[in-house]
Amino acid sequence: MHIIVIGCGLAGLTVAIALKRGGHTVEMLESAAEISYIGAGKATVHLYWLSSRSNFVGIQVSPNSSRILRKLGVDKFIEKYVTEPIDLKMMRWEDGKMLVETPLKEPAHNEYGSPYWHIHRADLHRGLLECATELGITLHLNSRVVEVDPYGPSLVTKEGKRYTADLIVASDGLNSVCRAVVLGKPGPPVPTGQMVYRVTLPVRELKDIPEVKDLITTPRNNHWIGPQGTILSYLLEGVNETLINFVFTCDVNMPDGVNQKIGDNKEIRASFKKWDPRLDMILEHVDEVLEWRLYTHEEMPTWVHGSGKMCVIGDAAHAMTPYLAQGAAMGIEDSAILGGLLAKFPSKDTLHKALLLYEKLRLPRVTKVANESINSRYFTQMPDGPEQEERDEYLLSHPGVQVGHRNNRSRKEFLDELFGYDAYKVLETASI
Ligand SMILES: Cc1cc2nc3c(=O)[nH]c(=O)nc-3n(C[C@H](O)[C@H](O)[C@H](O)COP(=O)(O)OP(=O)(O)OC[C@H]3O[C@@H](n4cnc5c(N)ncnc54)[C@H](O)[C@@H]3O)c2cc1C
């Protein structure tokens with residue numbers, strides 16, 4: 001089949017690769033005028049952007065998604081830029097006192113059969129793009145899709161160019177124009193009431209602060225959990241040197257109408273000034289902060305248009321909160337399933353059935369993960385008081401991973417389901 005993928009983000013590139021490997025002809029349309037990977041700011045911190053500045057920073061790739069990237073052959077393009085966190089630590093917000101520790105590296109290899117990676121988004125994106133290019137996937141930049149006919153199917157770009165295909169896979173992200181086409185009504189983003197401050201800096205700049213030695217030398221997933229907020233830090237293997245990446249999450253502290261902006265370190269230092277003093281020592285070294293309002297959208301009842309010739313994937317289908325670090329992972333899983341189904345059932349005659357099976361296999365899993373992500377927000381962001389004290393005592397007396405654990409990051413059966421998910425096993429038994 002001839003398939004058009006709209007949007008060249010992490011989900012779009014992964015699905016394009018999966019579809020191409022399944023024997024289809026794939027063309028991608030991306031609104032951004034260029035994809036560049038540039039050195040900026042402090043010469044050694046490489047930044048890049050596509051259309052989205054979220055690409056400034058790191059991303060966690062859990063075993064359920066690293067398994068797919070390896071199977072698709074993306075690993076060879078990114079391997080040298082990944083770090084593997086040994087564990088996930090949850091600490092008290094004001095002093096960094098350890099509450100619970102969950103191993104990541106060892107179970108990823110020995111139980112889930114694929115590594116847990118941290119990687120700079122630029123490197124992951126570049127790796128996907130290199131893989132797509134090597135496979136001969138055609139990419140049209142500066143091609144914002146403004147109109148879609150799901151019955152053709154065909155689409156028109158802002159330059160007035162029309163494209164037709166056998167299938168349109170819409171991977172146009174949170175602000176998708178295609179979501180409304182599939183729904184038959186608007187499906188706008190919905191604010192979560194929270195925002196993130198995102199910071200990446202070379203660890204070299206922090207080497208003279210003895211208090212932060214563990215944070216800049218040991219690859220971990222460090223979480224400070226506090227009232228209406230969390231902070232996450234982890235190390236990244238940058239192109240030139242090791243970086244440390246932070247995600248500071250809190251209730252929205254941005255002017256109305258602003259969704260993203262570049263700020264300096266004043267607001268973030270003020271917002272988190274009572275937190276673990278080590279954080280302020282680090283923030284002193286930060287000049288530029290990316291401020292990003294968090295949105296989701298209402299759960300879609302279906303991801304497939306009634307024409308049977310168009311579907312949504314990734315954030316276009318299920319932009320979720322980031323508290324479990326699974327948004328892109330779900331888009332990567334979608335890609336493996338859609339690509340695998342259309343490799344197994346490659347005919348136009350069975351396309352509609354295959355798309356409905358894609359939705360059936362994916363929607364319940366994504367809904368569950370999205371709901372657990374919301375649960376994680378409320379579990380970790382309790383205001384100080386009796387409920388938080390009881391939670392902290394529980395965490396201290398229930399270390400590591402346990403069946404029935406109240407913290408989903410330590411709940412054995414949830415982790416098995418989340419990280420143990422093998423899209424390729426699901427495909428083995430899939431039939432239409
Ligand atoms: C703070 C934060 C931390 C996160 N951390 C993690 C994490 O650690 N692990 C994880 O798995 N996930 C994480 N996520 C989620 C992850 O970032 C997203 O789920 C993922 O990037 C979505 O990818 P996508 O390809 O679906 O959409 P996008 O990345 O939004 O890509 C959409 C693409 O479509 C293009 N486009 C849009 N409209 C059009 C149009 N009309 N025509 C043509 N092109 C168009 C855009 O330019 C863009 O390139 C996090 C999210 C946030 C907010």
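I'll start with the second largest pocket, which has a volume of about 300 Å³. Bear in mind that this is a predicted model.

There are 21 residues lining that pocket, and those closest to its centre are His 297, Glu 299, Ala 319, Met 320 and Ala 370. Which elements give two or more residues to the lining? They are strand E19, residues 289-297, helix H10, residues 315-318, and helix H12, residues 351-380. H12 supplies the largest share, eight residues. Sorted by class, the lining of this pocket comes out as eleven nonpolar, seven polar and three charged residues.

Now to the sheet. What is the order of its strands? Reading across, the order is E9-E2-E1-E13-E20. The edge strands are E9, at 138-140, and E20, at 310-312, and each of them pairs on one side only. The sheet is open, it has five strands, and the pairing is parallel. From one strand to the next, the twist averages 20°.

As a reminder, strands of a sheet pair through backbone hydrogen bonds, either parallel or antiparallel.

Strand E1, residues 2-6, runs parallel to strand E13, residues 167-170, and the two pair over four bridges. Which residue of E13 does Ile 3 stand opposite? That is Leu 167.

To recap the two parts: a pocket of about 300 Å³, with eight lining residues from H12, and an open sheet of five strands with parallel pairing. That's what I have for today.

How values were computed: Residues numbered from 1 in each chain as written. Predicted model: local features only at pLDDT ≥ 70, side-chain atom pairs only at ≥ 80, totals over all residues. Heavy atoms only, no water. Pairing = 2+ DSSP bridges. Axes fitted to C-alpha atoms, helices over the stretch in contact; angles between N-to-C directions. 1 Å grid on protein atoms, 1.4 Å probe; cavity = no way out; pocket = protein on both sides within 12 Å on 5 of 7 lines; lining within 4 Å. Points joined across faces, edges and corners; volume = space filled by probe spheres on them. Nonpolar A, V, L, I, M, F, W, Y, C, P; charged D, E, K, R; others polar.
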